[in-house]
Amino acid sequence: MAIVNAQLTNTQLDIFDPVGNNGVPAGTRYAITNIMVCNTYDPNASDANLHDASFDMHIRKAGQPLNNKITCVVREMLLPSGETFTLDSEKIILDAGEEISFVAQPDTGGSLTDLAVSVSYLEV
């Protein structure tokens, strides 16, 4: 099993493309076993109620652009400070070039958000 961790941004973040690999590597297939998105802002902070964050998650074929009407599988999921969203009831199989992409908000500076994502996968 392998894990990818990333801080979500307010622009498109492709999970399997951190260095321009264009998604899942050629000749490879991944089974996604778990996706977790956590609002990492301290829920005990005095301003925690001001740090709700949300995200969209897309699953895309190779070369397919983000499209809320076609590729979106989670839309505007709101996470209060300290909360975690988990997607683990269904397995997702990605072939070469396919991708899981996120867009989150609000921007906390430098296009970053308070959201962290962890994706667990197996090569099949």
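View 1. Strand E3 (residues 30-39) is mostly covered, with 8 of its 10 residues buried. Buried means under 20% relative accessible area, exposed over 50%, and partly exposed in between (1.4 Å probe, protein chains only). This is a predicted model: local features need pLDDT of at least 70, side-chain atom pairs count only at pLDDT 80 or more, and totals for chains, interfaces and linings use all residues. Residues are numbered from 1 along each chain as its sequence is written, and side-chain values use heavy atoms, with hydrogens and water left out. Strands (E, at least two residues) are DSSP runs, numbered from the N terminus. Two strands pair if DSSP finds at least two bridges between them. E3 pairs with E9 in the antiparallel sense over 9 bridges. In that pairing, alanine 31 stands opposite leucine 122 of E9. E3 also pairs antiparallel with strand E7 (residues 92-94), over 3 bridges. Here isoleucine 32 faces isoleucine 92 of E7 as its opposite residue. Strand E6 (residues 84-87) runs antiparallel to E3 and is joined to E3 by 4 bridges. Cysteine 38 has threonine 84 of E6 as its bridge partner.

**View 2. The largest nonpolar core.** This core has 25 residues. A nonpolar core is a set of buried Ala, Val, Leu, Ile, Met, Phe, Trp, Tyr and Cys residues joined through side-chain atoms within 4.5 Å. Phe16, Ile32, Phe55 and Phe102 have the most contacts inside the largest core. The elements that give two or more residues to this core are strand E1 (2-9), E3, strand E4 (53-60), strand E5 (72-79), E7, strand E8 (99-105) and E9.

**View 3. The open sheet.** Four strands form an open sheet in the order E2-E8-E4-E5, with antiparallel pairing. Strand E2 (13-14) and E5 are the edge strands, and each pairs on one side only. E4 and E8 pair antiparallel over 7 bridges. Methionine 57 has phenylalanine 102 of E8 as its bridge partner.

View 4. A salt bridge is a side-chain nitrogen of Lys or Arg within 4 Å of a carboxyl oxygen of Asp or Glu. By this rule the count comes to 5 salt bridges. In one of them, arginine 60 pairs with aspartate 14, with the closest N and O atoms 3.2 Å apart. Arginine 60 lies in strand E4 and aspartate 14 in strand E2, so the pair ties together parts 46 residues apart in sequence. Both count as buried: arginine 60 at 10% relative accessibility, aspartate 14 at 18%.

View 5. Aspartate 56 forms a salt bridge with arginine 75, the closest N and O atoms being 2.4 Å apart. Aspartate 56 is in strand E4 and arginine 75 in strand E5, so the pair ties together parts 19 residues apart in sequence. Aspartate 56 is buried at 7%, whereas arginine 75 is partly exposed at 47%. Arginine 75 also meets glutamate 76 in a salt bridge (3.5 Å, N to O). Shared partners join Asp56, Arg75 and Glu76 into one network.

**View 6. Serine 81 in its loop.** Serine 81 lies in the loop between E5 and E6. Serine 81 counts as buried, at 9% relative accessibility. A polar atom of its side chain lies 2.9 Å from the backbone oxygen of alanine 48.

Conventions
Polar contact = N/O pair within 3.5 Å; in protein donor to acceptor, adjacent residues only side chain to side chain.
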